[in-house]
Amino acid sequence: MNAHPRMAKLAGPMEQSPARCVYSRVAIPRKREGDWVPAPDKASGGVERGDQVTDMIRTSGLVKRYGKVTALDGLDLVVPKGTVLGLLGPNGAGKTTAVRILATLLIPDAGSAEVAGIDVITRPDEVRERIGLSGQYAAVDEHLTGYENLDMVGRLYRLGKSKSRARARELLELFDLADAGDRPTKTYSGGMRRRLDLAAALVASPEVLFLDEPTTGLDPRSRFGMWDTIRELAQSGTTLLLTTQYMEEADRLADDIVVIDRGQKIAQGTADQLKGQIGGERVEVIVGSASDVETAAPILAELCLGDVRIDHEGRSLTAAVTGGVDALRQVLQRFDATSVTVLDVGLRRPTLDDVFLTLTGHGAEEDSGPAQDDAEPDLPRRREKEAVR
């Protein structure tokens with residue numbers, strides 16, 4: 001796949017002397033006594049620089065617990081080189097915990113993880129040389145300009161004064177921030193801060209990029225712009241792991257999707273493969289009143305498959321059917337016979353929302369139980385963000 005012209009330079013080789021302490025904008029936790037660390041093994045310790053790696057991210061049986069809460073419960077992932085994996089799940093599913101382990105910010109309680117063929121536990125410094133991370137919240141210093149933020153990251157990677165400055169200007173141009181580059185970032189909009197945060201993750205042209213819910217909190221226009229940027233990165237050959245709770249985002253951006261819930265992988269495949277697992281089509285109907293909802297629900301339950309999804313506030317009902325148009329005709333005939341007022345009706349293919357509801361029994365934006373991703377105290381996260389200042 002050819003690189004998009006705007007992003008072609010992002011896929012270039014990494015500088016030879018990156019800072020050993022980086023992920024550049026987040027403090028790296030020290031190993032604590034009693035932490036689980038596997039014994040070094042030459043057979044599984046990873047590859048040396050220059051060796052060919054086909055799977056850029058690989059985890060096996062990954063487990064992480066916070067007290068009595070299990071955030072990850074045997075997670076297995078494989079991400080081939082140059083692809084985008086969408087890690088899809090509700091709040092508290094374990095997505096951020098998985099990213100933080102892969103980015104060497106957390107030590108797992110069991111299992112193994114490799115990035116670019118390198119063990120993240122026994123050789124974390126080498127992993128950090130090859131990765132970029134853009135977290136849920138833009139980790140930029142609001143008192144510095146956009147240019148100064150990027151230049152600072154370049155200095156942390158030990159690119160040198162001239163290279164850091166040149167790279168900062170290059171990325172500001174690529175992310176449409178050149179006109180605002182000399183303004184303090186506290187004057188930036190939310191979308192501009194997210195773009196700057198992503199640019200900072202790309203200063204050293206990482207082989208692997210972790211994007212943890214990169215569009216959370218953005219308005220639709222900024223979200224679409226971020227999607228364009230992520231597509232261009234993928235076209236340039238960067239391997240990406242993207243966590244999201246937005247179905248449309250995973251559908252549009254990911255080559256492969258892993259659905260996790262309560263720390264476990266419950267499904268994997270392309271968007272079309274996942275939709276095919278639940279089969280059939282969906283009847284969607286909006287009725288005129290609350291009483292119409294009560295009348296329509298048992299009719300759909302009788303004529304359709306599985307449970308009927310009801311949105312009482314929007315007076316909408318959704319159910320799976322077989323038979324397509326014929327099934328829709330039967331539904332409308334029964335509604336007419338029972339005087340149900342239909343404001344809108346349609347027949348559509350299943351979406352990733354349907355997949356998730358079928359697999360988990362709840363929506364992707366609902367909490368999946370204990371707040372697993374937020375099980376740690378907020379203080380360490382605040383300290384990580386403050387490390388940029």
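Of the 389 residues in the chain, 49% count as buried, where buried means under 20% relative accessible area, exposed means over 50%, and partly exposed lies in between (1.4 Å probe, protein chains only). What you have on screen is a predicted model, in which local features need pLDDT of at least 70 and side-chain atom pairs count only at pLDDT 80 or more, while totals for chains, interfaces and linings use all residues. Residues are numbered from 1 along each chain as its sequence is written, and side-chain values use heavy atoms, leaving out hydrogens and water.

The chain has 12 helices and 14 strands; these are DSSP runs numbered from the N terminus, with helices being H or I of at least four residues and strands E of at least two. Its accessible surface comes to about 17900 Å², and carbon and sulfur atoms hold 48% of that, by the Shrake-Rupley method with a 1.4 Å probe. If you look at contacts with a separation of 6 or more, 73% of them join residues 24 or more positions apart, a contact being heavy atoms within 4.5 Å.

Now let's turn to helix packing. Two packed helices are described by the angle between their axes and the distance between the axes. Find helix α3 (residues 146–156) and helix α5 (residues 190–201): their axes come within 9 Å and cross at roughly 20 degrees. Because of that angle, α3 is roughly parallel to α5; the classes are roughly parallel under 35 degrees, roughly antiparallel over 145, roughly perpendicular from 65 to 115, and oblique for the rest. The axes are lines fitted to C-alpha atoms, for helices over the stretch in contact, and angles run from 0 to 180 degrees between N-to-C directions. On the α3 side, G146, N149, L150 and V153 meet L196, A199 and A200 of α5. By class, this contact of α3 with α5 has five nonpolar, two polar and no charged residues. Here Ala, Val, Leu, Ile, Met, Phe, Trp, Tyr, Cys and Pro count as nonpolar, Asp, Glu, Lys and Arg as charged, and the others, Gly among them, as polar.

Helix α3 also packs on helix α4 (residues 161–174), at an angle of about 135 degrees and with the axes 8 Å apart. That angle makes α3 oblique to α4. Residues G146, Y147, L150, D151, G154 and R155 of α3 meet K161, S164, R165, A168, R169, L171 and L172 of α4. This time the contact divides into five nonpolar, three polar and five charged residues.

Next, some backbone angles. Most residues other than glycine have a negative phi, and most peptide bonds are trans. A116, in the loop between β4 (110–115) and β5 (118–119), has a positive phi near 55 degrees. With a relative accessible area of 4%, A116 is buried. R262 also has a positive phi, of about 55 degrees, without being a glycine. You will find R262 in the loop between β9 (256–261) and β10 (264–269), and its relative accessible area of 42% makes it partly exposed.

Our last stop is A271, in helix α8 (residues 271–278). Is A271 buried or exposed? At 10% relative accessibility, A271 counts as buried. Leaving aside residues up to four places away in sequence, A271 touches D251, I257 and L352. A254 is 17 residues from A271 in sequence and 8.1 Å from it in space, C-alpha to C-alpha.
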